[in-house]
Amino acid sequence: MNEEKDTVNNGVDSNLDVEKIEKSVEDLCRSNFSRNVAVKYLSGVGKAAIPYVMKALDSNIHRGGAIETFVKMRETGIEPLIACLDAQNVDTRRFAARGLGDIGKPLATVAVPRLIELLDDWYEYVRFDCVYALGILGDKDTGVILRERLKEEKSINVHNEIVTALERLGLI
């Protein structure tokens, strides 16, 4: 490693290599190998990479890699993922919900109230991925809400995911 430029350590930088971060963000849309290398690097950079990765969410070809980076960041990625739940782009909202579920308990349970709110989203697959996450992050109280949703949900896909979520929560 170039000690002058790449001195990132645990998300704290003394001389951040912005060029390397920007190249890694660009690589989020490349082959699986390049994407995996980029995700690993950016998640290792930590908080300093967040503004760059957030910008990548605007691009359809970078969005999945950006969300994957936040998931790999684990605790550091939770706040940006929760912010993504408010995005105008439906794919950003749904991938963020799924990412929070993938981070799991106990780290991402802070997102449960916002995920519950998104059960009213107009887009079926946002609701679907919120239910997925709630099935991992939720508890018995979440299960009560999901059971009520089961009665009114019109999408068969979301309906089936609610059943799966209730099973994951050990409630059916």
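Start by selecting Asp121 and Arg93: their side chains meet in a salt bridge, 2.9 Å from N to O. The term here covers a side-chain nitrogen of Lys or Arg within 4 Å of a carboxyl oxygen of Asp or Glu. Asp121 lies in the loop between helix H7 (112–117) and helix H8 (124–137), while Arg93 is in helix H6 (residues 90–103), so the pair ties together parts that are 28 residues apart in sequence. Helices are DSSP runs of H or I with at least four residues, numbered from the N terminus. Both Asp121 and Arg93 are buried; that label means under 20% relative accessible area, with exposed being over 50% and partly exposed in between (1.4 Å probe, protein chains only).

A word on what you have loaded: this is a predicted model, where local features need pLDDT of at least 70 and side-chain atom pairs count only at pLDDT 80 or more, while totals for chains, interfaces and linings use all residues. Residues are numbered from 1 along each chain as its sequence is written, and side-chain values use heavy atoms, leaving out hydrogens and water.

A search of the whole structure turns up 14 salt bridges. Jump to Lys23 and Asp27, whose side chains meet in one of them at 2.7 Å, N to O. Asp27 is buried at 12% relative accessible area, but Lys23 is exposed at 51%.

Next, pick Arg168 and Glu161, another salt bridge, at 3.2 Å from N to O. Arg168 is partly exposed, with a relative accessible area of 37%, whereas Glu161 is buried at 9%.

**Rings**

Over to the aromatics: the whole structure has 3 aromatic pairs. Rings of Phe, Tyr and Trp (its six-membered ring) pair if their centres lie within 6.5 Å; planes under 30 degrees apart are stacked, over 60 edge-to-face, and the rest tilted. Show Tyr123 and Tyr125, an edge-to-face pair with 6.0 Å centre to centre and 65° between the planes. Tyr123 is partly exposed at 24% relative accessibility, and Tyr125 is partly exposed too, at 29%. Bring in Trp122 and Phe128 to see the cluster that these two form with Tyr123 and Tyr125.

Then select Arg98 and Tyr132. The charged end of Arg98 sits over the ring of Tyr132, 3.8 Å from its centre; the criterion is NZ of Lys or CZ of Arg within 6 Å of the ring centre and within 35 degrees of the ring normal.

**A proline in a helix**

Pro80 is in helix H5 (residues 75–84), and Pro80 is buried, with 7% relative accessible area. Leaving aside residues up to four places away in sequence, Pro80 touches Ile50, Met54 and Phe70, where contact means heavy atoms within 4.5 Å.

**Last stop: the cysteines**

How many disulfides does the structure hold? It holds 0, a disulfide being a pair of cysteine sulfur atoms within 2.5 Å. Cys29 has its nearest cysteine sulfur, that of Cys84, 18 Å away, and Cys29 is partly exposed at 26% relative accessible area. Finish on Cys84, which is buried at 2% relative accessibility. The closest cysteine sulfur to that of Cys84 is in Cys130, at 12 Å, too far for a bond.

Methods. Helix = DSSP H or I, 4+ residues; strand = E, 2+ residues; numbered from the N terminus.
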